[in-house]
Every structure is written in C-alpha cells, then in structure tokens.
Amino acid sequence: MEQLKNLSLLPEIIIVLSGISVILADLIADKKEGVYSEAISIAGLLIALFLACSQFSKPEIVTSDTMLVSDFYTVFFKTALIILSLLVILISSNHIKSHGVSHRAEYFTFILIACVGMMIMAGSLDLVTVYAGLELMAISIYILVGISRTEFRSNEAALKYFLMGILATAFLLYGISLAYGMFGTTNLVVIKNFLQNNTSVNIGYMLVLIFLVIAFGFKIAAVPFHMWTPDAYEGAVTPVTGFMSVGPKLAAFAVLGRVFIYSLLTLKAEWVLILTVISFLTMTVGNVVAIAQTNIKRMLAYSSIAHAGYCLIGIVAGGGAAGNLGLQSVLFYLSGYLFMNIGAFSIIIFLNKNGISGAEMDDFSGINERYPGIALLMSVFLLSLAGIPPTAGFVGKFYVFMAAVKSDYIFLAVAGVLNSVIALYYYLRIIVYMYMKKSVDQKTEVNKSAPLLLVLGIAVTAVLVLGIYPEPVLKFAADAVGGMF
C-alpha cells in the first residue's frame, strides 16, 4: 500500500466501492430497484469529485511501480470524467425506466466502472496501464450499448462496437509488444529518455507509431476507423450515447497527449504527417456525411467524428513552435465539448416519451411553440457545437486554430475553419425545424424530470460561462499541461 501513501487514488477507489455497493444494495433490496442504485452512484461520484478537486491544491506524482501518475494533467481529466459520469447518471433515471432497461443496478455500476477505466487511462504512465484502463472502459461500454436486451438495434450496435473494439485492442497490443521490443520497456518516461539518447529512426519505430495511431483512432472515432460510430450511437439508449460520445474521447486524448506529445515528441517528424492527414479527413468526412442525416443521434455521431478531427489539430500543434498551447487547447476544447454534447443529448431525452423517439428531425418541428425554453437551450448547444460566440465551442476552436497557426500548420487551421462553416449548415437546420416548422403533435408528453432539468441548467451555464469567461479553465489547462513536462 506504499503507493497509496498520499491517497491520490482515492477517487478511483471510492468509485469502485460505490459500484460494488450498488450491486449489494440491489441484492439486499430484493429487486425493488428504487432509488438505491442512482443514489449510491451519485453519492460515490460526489465524494470522488471532492477528493479529485482537493488534489488541485497540491498535485504531486505518485506511482504504482511507475505505472500510474497523479499529476495536474491527470487530475484535470479525472475531474472532467467524474462530472461527465454524474451528469449521465442524472439524465438516465427516468429514461432507462421507460426503455425497458431492467438491470438498473448493473447499468449504473458499469457507468462507474467505465469511469474508473477512463481515469486509469488518463493517469497512465505505462502502455500496459493504458491497455488495462482501456479494456476496463471498453468492456463496460460494450455492455452499456447492448443493455436493452430486447431491442434488436441495441444488440446489433453492441456487437458491431465489440467487434471493432477487439480489432482496436489487437492493434494496441501489437503496438505495445513492438514498443517493448524496440525500447526494452513500455514505460513512457523511459521511452522518452531512450529516444532522446538514440535519435536514429528505424522501421520498428514507425510500426509502433502506426499501431498506436490505429488503436487510438478507433477510440476517438477518427477516419478511417469511425465506421462503428453511427450504429453504436443510434442503437444505444440516449444517456449511454451521450456518455460514449464524450468519455472515451476525454480518456483517449489524455493518452494521446501523454504518448505522442510527451513520450514520442522526438519522433514528431514521423507521426505529425499521419495525424495531419487523419485530422483533415476526420473533420471533412464527419461534417460532410452529417449533412445527409435525418436522425439527430446519427448526426451527432458524425458531428462527434468531426470534433475528434478538430482536437487532433491541437495534438498536431502540440510541442511545436506554440509550445504547450496545442495540448492546452485540446483540454479546453474537451471541457466545453463535455457540456455542449451532454446538453444536446439531454434535449433528445427531454423529447423522448410515449413512443416519440426525440431523435428524428421531425420531432424537433415547432418545439419553440410548446417549449420555447427548450428550443432556446438546444439552440445554445448547437451554436456552441458549431463554434459560434459567445460559447465554449467558439473559444475552444479559436485556441485550437490559433495553436495550429502559431505552429505553422496553416493548412489545418484553414481546413478547420472551412469545416466549421460546413458544420454550421446541419446545426442550423435543427434550429430552423424548431423555430420555423409547424409542430406535428401539440399534445405530446415530454420528460420533465427534475434531474434532467438540472443537467440542462448546468450544461447551458457551463457552455456560456466557458464562452464568456474562459480564463480560469484555460489556466487550469495550462497548469495541467505545464506540469506534465
């Protein structure tokens, strides 16, 4: 227990204990699945959030045989992942009840376990720990995607996601094996020191880079590894879709920053071209295909692909002439993306009741007449996703593009701006439906649960505050990245 002497892993431990408690409470309650699962999950996450935030005051490195690290960078992502899990649990309660998810305890437990897996990824200082965290996250999300066992689309989505996921795992294991063969270690610090003392590049290094890019490309849904995304997003229950649209991205970009910008920076000349091409294709394919979608969940799936492309610009710019600005911009971008995306999925859940999916474009027709507040909130989330001021999305894109310009990746900055213009079309189309189309059914019931409305309030506040006064989060991001080097 020496490695836990400063208790920096307490947030993860509390969340795991909460997951176990949820299962035990479900057994004791004799299947009277009331508020136990949700209440225990929320309590555990709130305690973990408090413990994680307390680490901002005195971040320090603690390791388990140099496998895990708890620095400012890790704590930044831990905090974001816990907040994400809290918001998803709050929007889940009534929704999963009305969608035939009979295993509530398992549902909340797997969200907690996936959160721990992502937190381990964010704090990994070794490729083996990255693998362990990634599998913990991935297996939990496979189960969450298919948790509506009577829904054919849910089962199909889970199977597709699982098959693509094990392919990504295979590439990651190939990459880790080759890294061990090339460097004699899988520790990121040792690899960094090795490369600084051995500057000659060979084909083995390139293969390591390629396998790692493919593995993480699947997790962030980058083109051409994105094929599973629309089906998985559409098949999963909507809170899970919101969870998987943000969580794996947060964890995977935390790892990308640690692996490529910290450990493999000496090989930047080799990996920068690969990531530049993938970033451009990811933005362009995501935005162009999103235009053709009439289902909002599929549209947000392609939108999510495009946003991964924007974040990759920050990774490409990281460690260049702009210094740490590239990675800082990614941290800020993902912070805003968390709230705008969860907000948009919460609106879908709001409209999803009594046989109305809430995910089709027509479901948004004329909702301004019935729910002007909801139409306004959805407009804010969509404009933020499009990058319109004064929202978090605008500030995030501004800093990502500025990092690209300062690092002389003008092409990527221009491509990002042009893609933002393309994206504006399909985001505005939903706003047109809300404000200019006639409502199909004036009597449709909606989901007005208090937790859902609370999440909407938190999300819109965060989106606007990050857009108007981003300095505190930008400073956190700067401190987080600065402490890593």
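Is Cys311 buried or exposed? Cys311 is buried, at a relative accessible area of 2%. The cut-offs: buried is under 20% relative accessible area, exposed is over 50%, and partly exposed is in between, with a 1.4 Å probe and protein chains only.

A word on the source. This is a predicted model, where local features need pLDDT of at least 70, side-chain atom pairs count only at pLDDT 80 or more, and totals for chains, interfaces and linings use all residues. Residues are numbered from 1 along each chain as its sequence is written, and side-chain values use heavy atoms, with hydrogens and water left out.

Back to cysteines. A disulfide is a covalent bond between the sulfur atoms of two cysteines.

Now helices. These are DSSP runs of H or I with at least four residues, numbered from the N terminus. Look at α3 (residues 72–97) and α4 (residues 104–122). They pack at about 165 degrees, with axes 9 Å apart. Axes are lines fitted to C-alpha atoms over the stretch in contact, and angles run from 0 to 180 degrees between N-to-C directions. Therefore α3 is roughly antiparallel to α4, a label for angles over 145 degrees. Their contact has 15 nonpolar, four polar and three charged residues. Nonpolar means Ala, Val, Leu, Ile, Met, Phe, Trp, Tyr, Cys and Pro; charged means Asp, Glu, Lys and Arg; the others, Gly among them, are polar.

Last, rings. The whole structure has 19 aromatic pairs. Rings of Phe, Tyr and Trp (its six-membered ring) pair if their centres lie within 6.5 Å; planes under 30 degrees apart are stacked, over 60 edge-to-face, and the rest tilted. Phe280 and Phe411 are tilted, at 5.4 Å and 40 degrees. Phe280 sits in α11 and Phe411 in α17, so the pair ties together parts 131 residues apart in sequence. Tyr310 and Phe401 are edge-to-face, at 6.3 Å and 75 degrees. Tyr310 is in α12 and Phe401 in α16, 91 residues apart. Tyr310 is buried, at 1%. Phe401 is buried too, at 12%.

Conventions. Helix = DSSP H or I, 4+ residues; strand = E, 2+ residues; numbered from the N terminus. Parallel < 35°, antiparallel > 145°, perpendicular 65-115°, else oblique.
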